[in-house]
Amino acid sequence: MSPDTKVWHCPFAHTNGLEFDPLLAQLLNEAPIARIRMPHGEGEAWLVTRYEDVRFVTTDRRFSRAAGIGRDLPRMTPAPIAQVEAINLMDPPEHNRLRRLVAMGFTNRQVERQRSTTQRVVDGFLDEMTEHGAPADLVQFLSSRLPLRTISELLDIPADDRAQLRSWAIAMMAVGVPDRDAANAAKKGLREYFSELTAQRRRDPGDDLLSGLATARDGDELLDEKELAVLGMVLLVTGHDTTTYQLSNITHTLLTHPEQLAKLRSEPDLLPRALEELLRYIPFRQGVGIARVATEDVDIDGVPIQAGDVVHVSYLAANRDPQMYERPDELDLERGTPNHMAFGYGTHHCLGSHLARMELQVAIGTLLNRFPDLRLAVPEDEIDWNTGSIWRYPTALPVAW
């Protein structure tokens, strides 16, 4: 890096509803491979924002997540979210071994088996909302309940434990410095819970996904106890967090884009395609995720990256790259964008993306079908948005019909 390379200060704290972060937009247009300083962690990092460059970094093995273990890497949160034994910090071939085992629980066939159950659950939640009457908070009746219930049933987590697990998951994602102790305590609580639960499943397995992982063998070896406990944590947290927030975000976006909503209502079969565009368009989180470290000198589109340099990617910016998408800042439900990066890309592409898509299709489709006159029950400027974590979502979404 030359001495005159500009270093961008990147708090990534744009909390104005679901407006795209203007800093990310500026970086994408002016400095697509930028040197940045983040709120937490030591030193500086590179940030890659163009679609093709993000694709390159996330698929090239010279960029390693595991190489960052033990380093205080630049990040969003006061305490690192990922644990050292977690699958999302592994590189191939270790990552491939674990991913193959987990993927058996998220095949298209198994997810489709869940569709009828998900439909019944959604119908029940919306029955309760109907009985409550308008206005009703969609977060309370649907968004905060469906994804947690779905992943908890896949893992066979007792219903009485789910609220505590959810509160720990929320605490882990906090971005404020005073929340560091709470985040560490939450991580410790989740780890202890899953250490005990996975040990129990290994002794007395059922037919759930966690039992399958607890008893699965890689050759002659069972998964390591720590590895298994952390895997349970990752599945629980990642298996419900994003979908919870996106249910509210997608509903809000549709209700505030009446022409697009009318198009979807007139063509219900457009829903799967429309959801892909909504996933591309909505900036559902702040900033960036888990960093990678260059294990050797690498050139990214003419920019020399040195071995040991920290590299972040922005999937959010990649989804707005004008070199990849025409009119990227416009919502166009007929666009059809299955190649978006809302579920990540490359080695660490989200394993649960099939499950998330199924839940969104069932929930959003049923919501629009049952409530033909669904609308926001308060002026848009009265909606409260989360400002305390990496996620962006309405804390409540009052709707009427």
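**Salt bridges, a helix face and a pocket**

Let's start with one residue. E128 is partly exposed, with a relative accessible area of 35%. Here is the scale: buried is under 20% relative accessible area, exposed is over 50%, and partly exposed is in between, using a 1.4 Å probe and protein chains only.

A word on the model. It is predicted, so local features need pLDDT of at least 70 and side-chain atom pairs count only at pLDDT 80 or more, while totals for chains, interfaces and linings use all residues. Residues are numbered from 1 along each chain as its sequence is written, and side-chain values use heavy atoms, with hydrogens and water left out.

Back to E128. What does its side chain meet in a salt bridge? The partner is R145, at 3.0 Å from N to O. E128 sits in helix α4, and R145 sits in the loop between α5 (138-143) and α6 (146-155). They are 17 residues apart, and the pair links distant parts of the chain. R145 is partly exposed too, at 26% relative accessibility.

Two terms before we move on. A salt bridge puts a side-chain nitrogen of Lys or Arg within 4 Å of a carboxyl oxygen of Asp or Glu. Helices (H or I, at least four residues) and strands (E, at least two) are DSSP runs, numbered from the N terminus.

How many salt bridges are there by this rule? The count is 26. Take R370 and D127: their closest N and O atoms are 2.9 Å apart. R370 is in helix α15 (residues 353-370) and D127 is in helix α4 (residues 108-132), so this bridge ties together parts 243 residues apart in sequence. R370 is partly exposed at 29%, and D127 is partly exposed at 41%.

Another pair is R375 with D373, at 2.7 Å from N to O. Both ends are partly exposed: R375 at 36%, D373 at 47%. Some bridges share partners: K263, R327, E330, D332 and E334 are joined that way into one network.

Now helix α7, residues 162-172. Its buried residues are R162, L165, R166, A169 and M172. Why do they line one face? Remember the rule: an α-helix has 3.6 residues a turn, so residues three or four places apart point the same way. What covers that face? The cover includes α6, α8 (180-203), α10 (225-238) and α11 (241-255).

Next, a pocket. That is an open set of points on a 1 Å grid over the protein atoms alone, where a 1.4 Å probe fits, with protein on both sides within 12 Å along at least five of seven lines; lining residues have an atom within 4 Å of a point. The second largest pocket has a volume of about 300 Å³. Its lining has 14 residues, and G105, Q110, L154, D207 and L209 are the closest to its centre. α4, α6 and α9 (209-215) each supply at least two lining residues.

Last stop: R292, in strand β8 (residues 292-294). Buried or exposed? R292 is buried, at 3%. Beyond its neighbours within four places in sequence, its contacts (heavy atoms within 4.5 Å) include F63, D309, Y315 and H348. E196 is 96 residues away in sequence and 31 Å away in space, C-alpha to C-alpha.

Methods:
Points joined across faces, edges and corners; volume = space filled by probe spheres on them.
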